[in-house]
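This report is written for someone meeting the structure for the first time.

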Amino acid sequence: MSKELDGTVALVTGASSGIGAATARRLAREGASVALVARRGDLMEEVARSIQENGGMARVIPADITTRDGANAAVTAAVEAFGRLDIVVNNAGVMLIGPFADAPDGEWERMVNVNVLGLMYVSKAALPHLIKSASEEPRRTADLVNISSSAGRVARPGTAVYNLTKFGVNGFTEALRQEMQPLRVRVSVIEPGNVDTELASHTRDELRAGVEAQIASIEKLQPDDIADAVAYVVTSRRRVAINEVFVRAADQSW
Ligand SMILES: NC(=O)c1ccc[n+]([C@@H]2O[C@H](COP(=O)([O-])OP(=O)(O)OC[C@H]3O[C@@H](n4cnc5c(N)ncnc54)[C@H](OP(=O)(O)O)[C@@H]3O)[C@@H](O)[C@H]2O)c1
């Protein structure tokens, strides 16, 4: 039986865990060959194995996207592995919670480097390939999907720099959407609410318990819930562009 994404190639950053791993599995189920990009190759090998066991195609590409060279090499490796690129999901991200003025040196930089610069480097490297695929069969369209956050819409104390990065991703997405629209590359943003992943676990030890207590009472989204949103965006008909999807946990008020 044919699948929506048969004949396409997807690259997912941050595919070693959480939303990225779920998205890679989901896009493979839809028929895409998937390039998995992140730093932890061992975890990505497990994701790739599960994709292959279900009849899908996956390639593990260990890379740090915070350098231009790392991002360029990852995109090149994906195209060399599968011959083209139709879908990019800019999912890799870091969230280090805490008051702005108290952050130790390096925390802001880690978030800006991954969430903003890494996303830009991967996008820049991927766009020529996406533009080419958008003029070809099987879809005559291509997709660049940026994973932002509810924190790209709603600012709160303790997440100032994370808010800066995700508000930035939203603005970048809208401008790039307009630049790419005539070329049939659809540029979209997905804004997850609270998802059950390891994201918050990187917060400093002394703050982590407080962060977890704040969200303990809500039933969090699961990574598959966001993978569903990505699949909805990239499998939509050629005449449809789903520009923005905001997915909160039903229990989440903010
Ligand atoms: N969880 C939530 O509640 C939530 C809510 C809204 C938005 N989001 C967004 O969703 C995205 C995915 O997060 P998640 O929740 O799934 O958390 P996660 O499990 O911590 O995933 C983050 C991913 O980013 C990758 N990454 C980090 N630094 C990298 C680098 N320098 N180069 C390449 N990859 C890097 C990590 O892989 P390696 O460590 O192996 O490199 C990991 O696979 C992020 O953009 C996050 O901001 C999450």
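Of the 254 residues of the protein, 53% count as buried, a term that stands for a relative accessible area under 20%, while exposed means over 50% and partly exposed lies in between (1.4 Å probe, protein chains only). The model is predicted, so that local features need pLDDT of at least 70 and side-chain atom pairs count only at pLDDT 80 or more, whereas totals for chains, interfaces and linings use all residues. Residues are numbered from 1 along each chain as its sequence is written, and side-chain values use heavy atoms, with hydrogens and water left out.

**Overall form**

The radius of gyration of the protein is 17 Å, which agrees with the value near 18 Å that a compact globule of 254 residues would have; this radius is taken over C-alpha atoms, and the globule rule is 2.2 Å times the number of residues to the power 0.38. Along the principal axes, the C-alpha atoms fill a box of roughly 50 × 40 × 40 Å. Among contacts (heavy atoms within 4.5 Å) between residues at least 6 apart in sequence, 72% join residues at least 24 apart.

The protein has 7 helices and 7 strands, which are DSSP runs numbered from the N terminus, with helices (H or I) of at least four residues and strands (E) of at least two. Read along the sequence, these elements follow the pattern β-α-β-α-β-α-β-α-β-α-β-α-α-β.

**Two helix pairs**

Helix 1 (residues 18–29) and helix 2 (residues 41–53) have axes that come within 10 Å and cross at roughly 20°, which makes helix 1 roughly parallel to helix 2. Axes are lines fitted to C-alpha atoms, for helices over the stretch in contact, and angles run from 0 to 180 degrees between N-to-C directions; roughly parallel refers to angles under 35 degrees. The crossing of this pair is right-handed, meaning that the near helix is turned clockwise from the far one by less than a right angle. On the side of helix 1, Ala21, Ala24, Arg25 and Ala28 meet Val47, Ser50 and Ile51 in helix 2.

Helix 4 (residues 107–133) packs against helix 5 (residues 160–180) at an angle of about 15°, their axes being 9 Å apart, and helix 4 is therefore roughly parallel to helix 5. Helix 4, too, passes helix 5 in a right-handed crossing. The residues that meet include Trp108, Met111 and Leu119 in helix 4, and Val161, Tyr162 and Phe172 in helix 5. By class, this contact has 14 nonpolar, 3 polar and 1 charged residues, where Ala, Val, Leu, Ile, Met, Phe, Trp, Tyr, Cys and Pro count as nonpolar, Asp, Glu, Lys and Arg as charged, and the others, Gly among them, as polar.

**Single residues**

Asp42 has its place in helix 2 and is exposed, with a relative accessible area of 55%. Although Asp42 and Val60 are 18 residues apart in sequence, they are 9.2 Å apart in space, C-alpha to C-alpha.

Most residues other than glycine have a negative phi, and most peptide bonds are trans. The peptide bond from Glu137 to Pro138 is cis, with omega near 10°, and Pro138 lies in the loop between helix 4 and strand 5 (142–147). Two residues other than glycine with a positive phi are listed below.

How values were computed: Parallel < 35°, antiparallel > 145°, perpendicular 65-115°, else oblique.
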